[in-house]
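Colleague: Could you take one part of this model and walk me through it closely, setting it in the context of the chain it belongs to? I would like a single connected account.

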Amino acid sequence: MKALLLSPELFLHEGGIARIMRLYLKALCELAGPAGRVDALVLNDHPGHDGRLPRYTNAQFGEMAGCSRRKLRFIREAIRLGQRAEVLVCGHLHQLAVARLAQVLNPRLRYYLVAHGIEVWRPFSLLERRALLGARRILCISEYTRRQLLRFCPALPPERLVIVPNTLDPHFSPTLNNRISAAPFATPRILTVTRLSSADTYKGVDTLIEAMPLVRREFPLARLRIVGQGDDRPRLEALVQRLGVGFAVDFTGPLSDEALRAEYAACDLFALPSRKEGFGLVYLEAMIYGKACLGARAGGTPEVITAATGQLVEYGNIPDLAAAVADLVRHPRDSEVVRRHADTFAFPAFTRRLAADLA
Amino acid sequence: MCGIAGLISLRHDLPAREDAVNRMVRRQQHRGPDDRGIHSDGPATLGMCRLAIIDPANGHQPMTSPDGRFTLVFNGAIYNYRALRIELALSGWDFHTHCDTEVLLAAYALHGAACLSRLRGMFAFAIWDAREQRLFAARDPLGIKPLYYARLPDSGLLLASELNALLASGVVTREIDPTSVGEYLAWFSVPAPRTIYRGLANLPPGHQLTVDAAGRVETGPWWHLPAPTRPDIAANYHDFVGGLRAQLDESVRAHRVADVPVGAFLSGGMDSTAIVGLMARGGAAKLKTFSLIFGEAGFSEQDSARLAAQTFGTEHHEELITGARVAADLPRLLAAFDQPTGDGINTYYASQTARRGGVTVALSGLGGDELFGGYPSFRDLPRLHRLLPLWRRLPGGMRRAIVEQLRARPTVRARKLADFLTHARDLHELASLQRRVLPETVRLSLLAPEARAQAERLGPNHPRLEDFAFELPGADPFQIISAWELRTYMADVLLRDSDVFSMAHSLELRVPFVDRPLLEWLWPQRPWFKYDPRRPKHALADATADLVPAAIRNRRKQGFALPFAHWMLAELRPFLDETFSTASLGACPWLQAAEVQQVWTDYKTRRDTRAWSRVWTLAVLIAFANRRPAP
């Protein structure tokens, strides 16, 4: 198989889409076969190889073209690399029109879209609709995303929308020396990991902070660790001060992979009560550490968090959220069951699913 | 029709459980004055009070299967019970009564949850499986009969037909939920599964609930709206009208099954006249019909109702409703609510009139507007939907300026349009937003900070937007709007109010248009058969053209409304002045008192008399918060 991967980012920033698209790159390389070749074209990344690239590639990997956000160059490269490809996997709806253009110039090319979440839960422009209708398949990360796509583009044949849930990076699995964290002693220690962007207030970090006074009424040593950075941080810090819970909430800022692993290992439960998660890769990351997860009954989250692995609450319902934290502390989930659940989303299963859908 | 109650709990011992269930049953006595009973097994106690309609001499509940395994409490009526009884008897069930309750018990015992798809009727029931130590409960597809519940901290469950009963159990606390207040101000009612009280839930229509031996509670839908298309639809309009008439005849025939007197509400509009016509054609002996009339010009449909009664030869009863009477009855009306509602007082009086007129069951034309496109939304929303792509193409700055201009205008219409343009992305969101009572900016201004923050988080759209949108892939615009009207205003307001206010007078209200077989037949038919914007409800008119007088068929739609706008400035004014007083608003910490008082002041100074429903909705909420709990 000769494949081309289009992605907004792979290594420039640590976002959810970048992480999952690296795994698409890895899976494509494994599926390419001895005579195959996989190229990657990335809009935002800079030219040149990132040190992590070898983790996600093998001998079948050909060219890595970073475009430093230059869109014209991205289009030109897509046309060039598309000429020799049979399969194009597009990592974002915004780039699908380019995939369609590449197909027009190379009619043998089949293109696929990875539909993550919020970017496809909306009405589409004419250009986007045409590009969607031309896709061989749309790889939806959850049933929820699939239904949203059908809602906003009813002309899509439902059988073309298949579900390929996100997967865990094999390099992220726990190791013994992860079990160290600089965080002070706390019970329970609640961890959340997300981008703190003012465009993403739906993530529910503010609701977690608002629940802390209630949580601490029952667990005076409870502590909330917020991992991530973004322009919404000042607002959240002000909220912490207003509620007088500064001594119970830590903003760690962005962390290295190693430090993040330590946070997962040290926490008692993971919480991201978000209203609009397409899937919620961070839940899986916490689960692989055997940690129970708390999410909102919204978006794709209920497809990841089950009763055996955590608890779902109504988005924005502060008393519900505090009660769920208390319940997860009093009735901890069996960490082995939680890990086994995460294993069902392991990379080999993801690769098999992708192989079937690209066939 | 009955009231049911239950408590499943390992934490409560038998006397405590029975005491709680007895309290709940007593609190619902008006729903079923004819009989009551209670049954306990293991951690479960079920209770009920019965309004005897079918086989009144038998049918005591809770009803237990002969082997002692299943015990049922059931609120509602199964109209096809006779046909099911024959099938179940052939399968080996030995019937001891001629009651629909025993048919439901047998159907569940033999087929489990699969029996639900065979039931034609209105129902909310709970069945305890003593062998599996498991509770199963379900509610009819469109939400005619209610079922409320609360999960208990020890993994148990409390359930009842009314919220007042749950509160009377003494097991849960009475605390108004600020989030629900925000929802109420948006929708005229609190949409299921939420209720006005924190921790108490409303099982949504077409949903089932199970509690297993470990106390785990699960809920989920057992029924969905049909697929948008089917191969066996009518080939032409003539066949469609013939088929529709057959379906209507069958539905009305099914809904008349009873061993007590059956009458009908007759407002004089198209829907109720069609129902009465079909009943009269179906061979009802001297049918009793009931209308409300008003002294105020422009509200009574007295002439149409009389014409219909005369045409069908019914024994027609009219009841004059005045502002003074409503004012005098307000304490009783407010006591009948189990959560606030901005609607339903007409049903209270119509039910009272019917019960006093000597019937125990009455049929109503509720549901006709939702099924046959009687609301302006069927005409307006598709037009607005076609404009949305053009709107989105305008530059962002221009769109923002237009929205700001609309929001600055004093009319609700302009602000509602601003909501559409800001928040609606497709027809589902338009249909969701069009049922809002208050524009978003006004709603938020009335809420205190905590409730406002929560309302902002949840946004202006209906809380079940995605459930409803996902239920209808590939649906046409008529189906989408019809589904929204059925799933929101009809289920959360009309049907809920109908249940509460008819039960307040121990009257069983039946709704032949809200009938699953009729809906499943009608749903996939071609949209242009069902709806013509120039002649709303033409399909119903044509299917009953031989029954409904032309004067009624050709009349413009008039809602079943009361002259509240006038009464609120006259007879109801003292009540409203007191309700909007600072002392009264003290019981509403989730409202911004000054803003709320301004709404009433604006109304009194007649700056916007069309706002009566919004003022009344607020007043009912405040009065509800000030209500003393019943003993």
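This is a predicted model: local features need pLDDT of at least 70, side-chain atom pairs count only at pLDDT 80 or more; totals for chains, interfaces and linings use all residues.

Modeller: Chain B holds 28 helices and 17 strands, and 53% of its 631 residues count as buried. Its C-alpha trace spans about 70 × 60 × 50 Å along the principal axes, and the radius of gyration of chain B is 24 Å, which agrees with the value near 25 Å that a compact globule of 631 residues would have. As to confidence, the mean pLDDT of chain B is 91, with 97% of its residues at 70 or more, while the model scores ipTM 0.83 and pTM 0.90.

The part to look at closely is an open sheet of six strands in chain B, whose order is S4-S5-S6-S7-S11-S12 and whose pairing is antiparallel. Its edge strands are S4 (63-64) and S12 of chain B, each of which pairs on one side only.

At the S12 end, strand S11 (residues 207-211) of chain B runs antiparallel to strand S12 (residues 217-221) of chain B, and five bridges join the two. Within this pair Gln208(B) stands opposite Gly220(B) of S12(B), and Leu209(B) has Thr219(B) of S12(B) as its bridge partner. In general, the side chains of a regular strand alternate between the two faces of the sheet. The hairpin formed by S11(B) and S12(B) has five residues between its strands, and there Gly215(B) takes a positive phi near 90 degrees.

The loop between strand S3 (44-50) and S4 of chain B contains Pro62(B). Pro62(B) counts as buried because it has 26 C-beta neighbours inside 10 Å, where the cut-off is 20 or more. Leaving aside residues up to four places away in sequence, Pro62(B) touches Gly37(B), His39(B), Leu46(B), Met48(B), Thr71(B), Leu72(B) and Val73(B). From Pro62(B) to Ser40(B) the distance is 9.6 Å, C-alpha to C-alpha, although 22 residues separate them in sequence.

For a view from another part of chain B, consider Ile480(B), which is found in helix H19 (residues 477-503) of chain B. Ile480(B) is also buried, because 22 other C-beta atoms lie within 10 Å. Residues up to four places away in sequence not being counted, Ile480(B) touches Leu427(B), His428(B), Ala431(B), Leu472(B) and Ala475(B). Ile480(B) and Phe378(B), 102 residues apart in sequence, are 9.5 Å apart in space, C-alpha to C-alpha.

Finally, there is the contact with the other chain, to which chain A gives 10 residues and chain B gives 11 residues. On the side of chain A that touches chain B, helix H6 (residues 143-152) of chain A gives the most, with four residues. The residues on that side of chain A divide into five nonpolar, two polar and three charged.

How values were computed
Residues are numbered from 1 along each chain as its sequence is written. Chains are lettered from A and ligands numbered from 1 in the order in which they are written. Two residues are in contact if their C-beta atoms, placed from the backbone, lie within 7 Å. Ala, Val, Leu, Ile, Met, Phe, Trp, Tyr, Cys and Pro count as nonpolar, Asp, Glu, Lys and Arg as charged, and the others, Gly among them, as polar. The radius of gyration is taken over C-alpha atoms; the globule rule is 2.2 Å times the number of residues to the power 0.38. A residue is buried if 20 or more other C-beta atoms lie within 10 Å of its own, exposed if 12 or fewer, and partly exposed in between; C-beta atoms are placed from the backbone. Two strands pair if DSSP finds at least two bridges between them. pLDDT is the predictor's confidence in each residue, from 0 to 100.
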